[in-house]
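Hi,

Here is the structure I said I'd pass along. Have a look at it first, then read on for what turned up.

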Amino acid sequence: MTPLQIELKTSPHVKQGGSVQQIMRNVVLALLPICGFSVYHFGISALALMLVTTLTCVATEQLFNRLSRRPATVSDYSAVITGLLLALTLPPAFPLWMAALSGFIGIALGKSLFGGLGFNLFNPALIGRAFAQGAFPSAVSTWTLPGHPERFTEFLPSTLAVPFTTPAPVDAYTAATPLGMWKFQGEHAETWDLFTGMVAGSAGETSALLILVCGLYLIARRMMNWRIPAAVLGGAFVTAGAFYLLDPGHYPTPWFVLLSGGLMLGAFFMASDMVASPMTRSGLWLYGALIGFLTVIIRFFGGLPEGVMYAILLGNAASPLIDRFIQPRPYGTGKRRAS
């Protein structure tokens, strides 16, 4: 007679069908149309930028796995996502050696230092972007004119800049972003151009329409919690709307705030990082609203025209505190009474 075996496991006992690898693979698939539009928009320099950051992130993760004797995790696609997102937040003509260094920092300091996937406090792609912002401020704020006629046959001049030199911008290729034009010149881009992406900006932040469609794909597949982008965009819209009502001649419309810069990309593909965001539903709403609020405050009152990166990193830092103070009541227990 075979003895009865009982298997005991800790909660949660109900699981969603998708594995980490399946979820990450779908995120990569969702990012591919955005990457394709970036290549169409900015040419082979944008393609080279994505290849360099992605290969650097994958190689760096493999290196640190071997140094720490951890199992190989390259096949889970998380490093690929970090590389693609990092490239999409950088100017299309960003020098490739700077991009490689930023990718290394993003994985090494933003992920491996914390113990790998599942332990990182901050979004690794934004750690790499923050490093680029601090180390190469001139290159990271030099934007490229979209739709250049020779973009598919020639690299933009600064793409292949010699390592450890400062690339000189070429006026024929540079252009101001909509946020920069509003911040420093008081000019507003057309809403339709912002929505479709026919403006200058980072490699992957220009088309709000395409980002929205790709984000909705992940939400429909239940591989992204819709509350995070909804809270981020809602928080930004309400905050910007309040300032616009106070002084419409000075502050831009809420729609301009939503569609310009990297807010759409950040809301759908960076703030939604499962590891760096809270676990409760109410915590997700607070987390997203905080990011949206901080984005508007930094844009309106900071020295730089953009604030999404800093807002999400601050939201990541606040995530453990949100989880600590917003905890669900255990099933079957009553409300805690004050002693």
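**What turned up**

Let's start with Lys-111, which has quite a list of neighbours: leaving out residues up to four places away in sequence, Lys-111 touches Glu-61, Ser-78, Ala-79, Gly-106, Gly-116, Leu-117, Asn-120 and Pro-124. Keep in mind that this is a predicted model. Lys-111 sits in the loop between helix 4 (96–110) and helix 5 (124–135). Is that lysine buried or exposed? Its relative accessibility comes out at 2%, so Lys-111 counts as buried, the cut-off being under 20%.

Next, the loop between helix 6 and helix 7, where you'll find Thr-177. UniProt, in an unreviewed entry, puts the feature "modified residue: FMN phosphoryl threonine" at Thr-177. That annotation may be inferred rather than shown by experiment. In the model, Thr-177 is buried, because its relative accessible area of 9% falls under the 20% cut-off. Beyond four places in sequence, Thr-177 touches Trp-143, Ala-200 and Gly-201. What does its side chain reach? A polar atom of the Thr-177 side chain lies 3.1 Å from the backbone nitrogen of Gly-180.

Ala-176 is in that loop too, between helix 6 (137–140) and helix 7 (178–185). With a relative accessible area of 37%, Ala-176 is partly exposed, since that value lies between the 20% and 50% cut-offs. Its contacts, again skipping residues up to four places away, are Met-181 and Ala-200. Ala-200 is also touched by Thr-177. Ala-176 and Thr-142 are 34 residues apart in sequence, and their C-alpha atoms are 8.2 Å apart in space.

At the start of the helix, a side-chain oxygen of Thr-280 comes within 3.0 Å of the backbone nitrogen of Gly-283. Gly-283 is one of the buried residues of helix 13, a list that also includes Leu-284, Tyr-287, Ile-291, Arg-299 and Phe-300. And what do those buried residues pack against? The partners are helix 7, helix 10 (227–246), helix 11 (254–259), helix 12 (263–269) and helix 14 (308–325).

Cheers

Terms used: Residues numbered from 1 in each chain as written. Predicted model: local features only at pLDDT ≥ 70, side-chain atom pairs only at ≥ 80, totals over all residues. Heavy atoms only, no water. Helix = DSSP H or I, 4+ residues; strand = E, 2+ residues; numbered from the N terminus. Buried < 20%, exposed > 50% of the residue type's maximum accessible area, 1.4 Å probe, protein only. Contact = heavy atoms within 4.5 Å. Polar contact = N/O pair within 3.5 Å; in protein donor to acceptor, adjacent residues only side chain to side chain.
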